[in-house]
Amino acid sequence: DEFRNEIHSEVAARVVGVDEECTELKRRLAEEREKRAKLEKHMGGLLRWQEEAKYAMEDLRRKIDDVEESRGTDKRDLRKELVKREDQSATATADMRKDLE
């Protein structure tokens with residue numbers, strides 16, 4: 001009978017120990033779930049930010065292309081104007097020489 005009580009006490013102690021371990025594991029699992037949820041939320045925010053940054057960069061590239069195209073057009077127009085003025089200057093210089101002769 002005493003042997004049975006010792007075994008019962010030992011088994012009860014082990015059950016309590018296993019129950020405490022189970023409670024600790026459940027607590028740690030809940031903490032890990034909370035950490036994971038926070039990380040997933042953070043990752044979602046980063047992915048949204050990355051997508052917004054991607055669209056912003058594409059928009060900036062389009063604007064840069066538009067500005068470069070506009071500058072190219074402006075430069076061509078300025079070159080044409082310069083050639084035109086040089087021709088006018090050359091013609092005026094030639095006319096002045098004729099007048100001086």
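Where does Arg76 lie? Arg76 lies in helix α1. The notes below go from the whole chain down to single residues.

1. **Basis.** This is a predicted model, in which local features need pLDDT of at least 70, side-chain atom pairs count only at pLDDT 80 or more, and totals for chains, interfaces and linings use all residues. Residues are numbered from 1 along each chain as its sequence is written, and side-chain values use heavy atoms, with hydrogens and water left out.

2. **Fold.** The chain has one helix and zero strands. Its radius of gyration is 43 Å, well over the 13 Å that the globule rule gives for 101 residues, so the chain is more spread out than a compact globule. That radius is taken over C-alpha atoms, and the globule rule is 2.2 Å times the number of residues to the power 0.38. Helix α1 covers residues 2–100. Helices (H or I, at least four residues) and strands (E, at least two) are DSSP runs, numbered from the N terminus.

3. **Dimensions.** The C-alpha trace spans about 145 × 15 × 10 Å along its principal axes. Asp77 and Glu20 are 57 residues apart in sequence, and their C-alpha atoms are 84 Å apart in space.

4. **Surface and burial.** Buried residues make up 2% of the 101 residues. Here buried means under 20% relative accessible area, exposed means over 50%, and partly exposed is in between (1.4 Å probe, protein chains only). The chain's accessible surface comes to about 10000 Å². Carbon and sulfur atoms hold 56% of that surface. Accessible areas come from the Shrake-Rupley method with a 1.4 Å probe; for residues, only the protein chains shown count as cover.

5. Lys and Arg count as positive, Asp and Glu as negative; His and the chain ends are not counted. Each charge is placed at NZ of Lys, CZ of Arg, CG of Asp or CD of Glu.

6. **Salt bridges.** How many salt bridges does a search of the whole structure find? The search finds 10. A salt bridge is a side-chain nitrogen of Lys or Arg within 4 Å of a carboxyl oxygen of Asp or Glu.

7. **A linked trio.** Glu24, Arg27 and Glu31 are joined in a network of salt bridges. Between Glu24 and Arg27, the closest N and O atoms are 2.5 Å apart. These two residues sit three residues apart in helix α1, about one turn. Between Arg27 and Glu31, the closest N and O atoms are 2.2 Å apart. Arg27 and Glu31 are separated by about one helical turn because they are four residues apart in helix α1. Glu24 counts as partly exposed at 32% relative accessibility. Arg27 is partly exposed at 39%, and Glu31 is partly exposed at 35%.

8. **A separate pair to check.** Lys35 forms a salt bridge with Glu32, with closest N and O atoms 3.8 Å apart. Lys35 and Glu32 are three residues apart in helix α1, so about one helical turn separates them. Lys35 is partly exposed, with a relative accessible area of 48%. Glu32 is partly exposed at 47%.

9. **Positive patch.** Arg71, Lys75, Arg76, Arg79 and Lys80 gather in a patch of positive charge on the surface. Patches are made of residues with over 30% relative accessible area and no salt bridge: like charges are joined within 9 Å, nonpolar side chains (Val, Leu, Ile, Met, Phe, Trp, Tyr) within 5 Å. Arg76 is partly exposed, with a relative accessible area of 46%. Asp77 also has its place in helix α1. Asp77 counts as partly exposed at 43% relative accessibility.

10. **Negative patch.** Which residues gather in a patch of negative charge on the surface? They are Asp65, Asp66, Glu68 and Glu69. Glu69 lies in helix α1. Glu69 is exposed, with a relative accessible area of 57%.

11. **Nonpolar patch.** Phe3, Ile7, Val11 and Val15 form a nonpolar patch on the surface. Together they have about 390 Å² of accessible area. Val15 has its place in helix α1. Is Val15 buried or exposed? At 52% relative accessibility, Val15 counts as exposed.
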